[in-house]
Amino acid sequence: MTATQWTAAALLQRYDEVRSHTERLAAPLSPEDQTVQSMPDVSPTKWHRAHVTWFFETFVLASNEAGFAPFQDQYWFLFNSYYEAVGPRYNRAERGVISRPGAHDVGLYRGNVDARMQDLIDGLDQGTIDKVAATIELGFHHEQQHQELLLMDIKHVLSLNPLRPVYGGAPAPLVDTDRMGWVEVEGGLVEIGHREGAGFSFDNELPLHQVYLEPFRLADRLITNGEWLEFMADGGYRRPELWLSDGWAQVKTNGWAAPFYWSDYDGVWFEHTLHGTFPVNPGLPVSHVSHYEADAYATWAGKRLPTEAEWEHAVRTDTGDAAEPHGNLADTETFHPRAAEPGNGRLRQVYGDCWEWTSSAYLPYPGFHPAAGAIGEYNGKFMSNQMVLRGGCALTPPGHARASYRNFFPPGARWALSGVRLADGGAPA
Ligand SMILES: [Fe+2]
């Protein structure tokens, strides 16, 4: 959904910014790096680069370019992610066995679509721009989602290499963090969802609707590695009474004993990051934990996870609607969560650092209607068996975080850059 009045010049400028940023993220990676799929959830870098290009070709060029013909017939099959209405697609779990097109040829595909998109936008009258801008803008935000996924995915790819390759960023100095505080939030009937005039949103952030909240408290920062070590030392991964049944089953089946990227070397916990493998830094936020682990930690701490409505209302109350989201997002190029600033009675680490698990199932808001046609498959069909995360992470592009943004992953997912903020009091909405 867009509320922006686009001109051709503004669309062209934004198109160039978003597209060139993807290429900057891929630039440190060799063609071999870009080909690996280390597990079914992970996509190769070159697949991300091609798929976001396919999105513009399929949803913008195909219906608006005179004499349209696809760049390559088979690319429609290879780079369709999940759009059933567009046609058959290649098996997601086997993207890593596709050696051709290589990274170089994906670059040619990108260049071709970029030139055609620029020609198209250049030649549109304002009336046509008003009709197609929403889809082009969706393409910008779609590509930003994949910029984040590209980094999460290459982190996993590189984690499996015994040479421990570095992508970028630098380790933070060893830090500790001050005590976690609480922000009291008044309850009542509150408005949740995307507000008109607030710029772009995905369809799943609509419609704006009312939710009743009991008064509650929200932790003023994320849970740290040091606090997670206390949970582990107290048998956190060995005590079934702390866990949801499905979570405990995964602990036993998968042998979970620590966050996803932690390894025990001679009794010392190390963490894999995009800038190498280092001893776990106690003051940084714990990251790469599943919803099940976040929930078990909250139970151990005698607290709970916030609902998504509590999170959104607390953030709007604390930061104000007009505030531009800022924090440790991808433009800081830390590529990793960083320590909280000293407490000041307000919420810290809201945007960036780690996506924050909520206790809310990913469901349609009352009155939700997916868009007509294939583009309606973007969000709505995933509204089962997933939990909502809020806030963004250190790999989220700036301009892609907002109070109403609803990210979602299955509760067992650990490769996403996810962390934990606690809530207390009140009652789930
Ligand atoms: Fe996609």
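Domain bounds come from an automatic or database domain assignment. The model shown in these views is predicted.

**View 1. Domain 1 and domain 2 of the protein chain.** The assignment places domain 1 at residues 8-159 and domain 2 at residues 182-424. Taken over C-alpha atoms, the centres of domain 1 and domain 2 are 27 Å apart.

**View 2. The contact between domain 1 and domain 2.** On the domain 1 side 20 residues take part, and they are in contact with 16 residues of domain 2. Helix H5 (residues 126-159) supplies the largest share of the domain 1 side, with 11 residues. Sorted by class, the side of domain 1 that touches domain 2 holds 8 nonpolar, 7 polar and 5 charged residues.

**View 3. The packing of helix H2 against helix H4.** Two packed helices are described by the angle between their axes and the distance between the axes. For H2 (residues 45-64) and H4 (residues 103-122), the angle is about 30° and the axes are 9 Å apart. Angles under 35 degrees count as roughly parallel, and H2 and H4 are therefore roughly parallel to each other. Their crossing is left-handed.

**View 4. Residues where H2 meets H4.** From H2, the residues in the contact include Phe56, Val60 and Leu61. Among those in H4 are Val106, Val113 and Leu120. The residues of this contact divide into 10 nonpolar, 2 polar and 5 charged.

**View 5. The pairing of strands E6 and E7.** E6 (residues 268-273) pairs with E7 (residues 276-279) in the antiparallel sense, over 4 bridges. A hairpin of 2 residues joins E6 to E7. Opposite Thr277 in E7 stands His272.

Technical notes. Residues are numbered from 1 along each chain as its sequence is written. This is a predicted model: local features need pLDDT of at least 70, side-chain atom pairs count only at pLDDT 80 or more; totals for chains, interfaces and linings use all residues. Two strands pair if DSSP finds at least two bridges between them. Two residues are in contact if their C-beta atoms, placed from the backbone, lie within 7 Å. Ala, Val, Leu, Ile, Met, Phe, Trp, Tyr, Cys and Pro count as nonpolar, Asp, Glu, Lys and Arg as charged, and the others, Gly among them, as polar. Axes are lines fitted to C-alpha atoms, for helices over the stretch in contact, and angles run from 0 to 180 degrees between N-to-C directions. Angles under 35 degrees count as roughly parallel, over 145 as roughly antiparallel, 65 to 115 as roughly perpendicular and the rest as oblique. A crossing is left-handed if the near helix is turned anticlockwise from the far one by less than a right angle, and right-handed if clockwise.
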